[in-house]
Amino acid sequence: MDFVEEKLREWGLERFLPAFQENEIDREGFYLLEDEIECLKELIPAVGPRLKLKKELKLLKDMPEDADMTAMINWLKHHNAPAQQVTEMMKQTCRYRANKIRTEKERPLRELLKEYPRLIDTDGMVEQDFRILFPELCDSLYMKWPGFCTKVIQYADRQLKWRPLLNLRGMTDGDDEESNVALQLLGLLFPTGSQRTAGRKGPDKRATVEEALQSFIQIEEIGTNIPTFLEGNKQTQPFILALGERKSPEQLFVVVEGQTVSCSSLLHAVDVCFKLFYLLDVHYPWQCSNTWDFVQKFIYGIGDGKGKGRSASAVTLLCNYLKAK
């Protein structure tokens, strides 16, 4: 992939790539486009995408040189204070790190987290990175979910007897409990994922309902020893760990490769977990892939990405139900 194609795909403008190729726009010409208004109009006729390209080009041209980036990343690797300096350097290196992660797909996730430790162990860095890369999408879950909670529960009531599956009794008490239950219902409303094991003959292995739920949101008792739990956990992709009752967990974490990010609510945990999939460029857990496909496409409005090209019919049905007035 050449430089121009890489940047257009990074910025979600890959549909205009043929025009750039036809006009022989190389790396040098790409950097000159910001000031060539007529050329830009020819390459990208639509105003919105053209403005986005101009903005991204300016940010690209203002970005420090690779040597500066390397020095900052090396400093961040070995320092977690002062906090203001960490935050500023993480901001400056965000796009560079994102590009490195996408182009180094062969590197194990555990190695990436060792290379960029501040993303996980410093409060707010997941949100900061995602806001820089996807500014218009960053608050999607917080803006949309309050309007969907009740409808998700109503839809679930029509589809299945879900309370025994979640081991819930009684009614929800307040908006927070309703939100928590509705989020966990997303793990039940779609078909569980399937996976073909190498060398396996016959049908694909399909996850159980319990496996799908746990790969999305795993519930453990209050007092669970976190280091012991992490040592025994085998899931490598990010997932949510909740300690306490399903309706009102007392402690919440996003777990990734034996490390945890503390979260203030289940909604916050789902938000952080989704964003980590994109920041670390990892696929969804196969057991609950349809759940994250719904979150990606319906909540955040990202049509292509970690999910499937074509959503399961159950995902489409819930989306249509929630869209209806």
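Me: What separates the centres of domain 1 and domain 3 in this model?

Reply: Domain bounds come from an automatic or database domain assignment. Here that assignment gives domain 1 (3–62), domain 2 (66–122) and domain 3 (143–323). Taken over C-alpha atoms, the centres of domain 1 and domain 3 are separated by 37 Å. The model is predicted, so local features need pLDDT of at least 70 and side-chain atom pairs count only at pLDDT 80 or more, while totals for chains, interfaces and linings use all residues. Residues are numbered from 1 along each chain as its sequence is written, and side-chain values use heavy atoms, with hydrogens and water left out.

Me: Which secondary-structure elements does the protein chain have?

Reply: Helices (H or I, at least four residues) and strands (E, at least two) are DSSP runs, numbered from the N terminus. The protein chain has 19 helices and six strands.

Me: Is Cys288 buried or exposed?

Reply: Buried means under 20% relative accessible area, exposed over 50%, and partly exposed in between (1.4 Å probe, protein chains only). Cys288 counts as buried, at 2% relative accessibility. By the same definition, 49% of the 325 residues of the protein chain count as buried.

Me: Where is Cys288 placed, and what is Cys288 in contact with?

Reply: Cys288 lies in the loop between helix H17 (266–279) and helix H18 (289–299). Contact means heavy atoms within 4.5 Å. With neighbours within four places in sequence left aside, Cys288 is in contact with Ala212, Ser215 and Phe216. Cys288 and Thr87 are 33 Å apart in space, C-alpha to C-alpha, and 201 residues apart in sequence.
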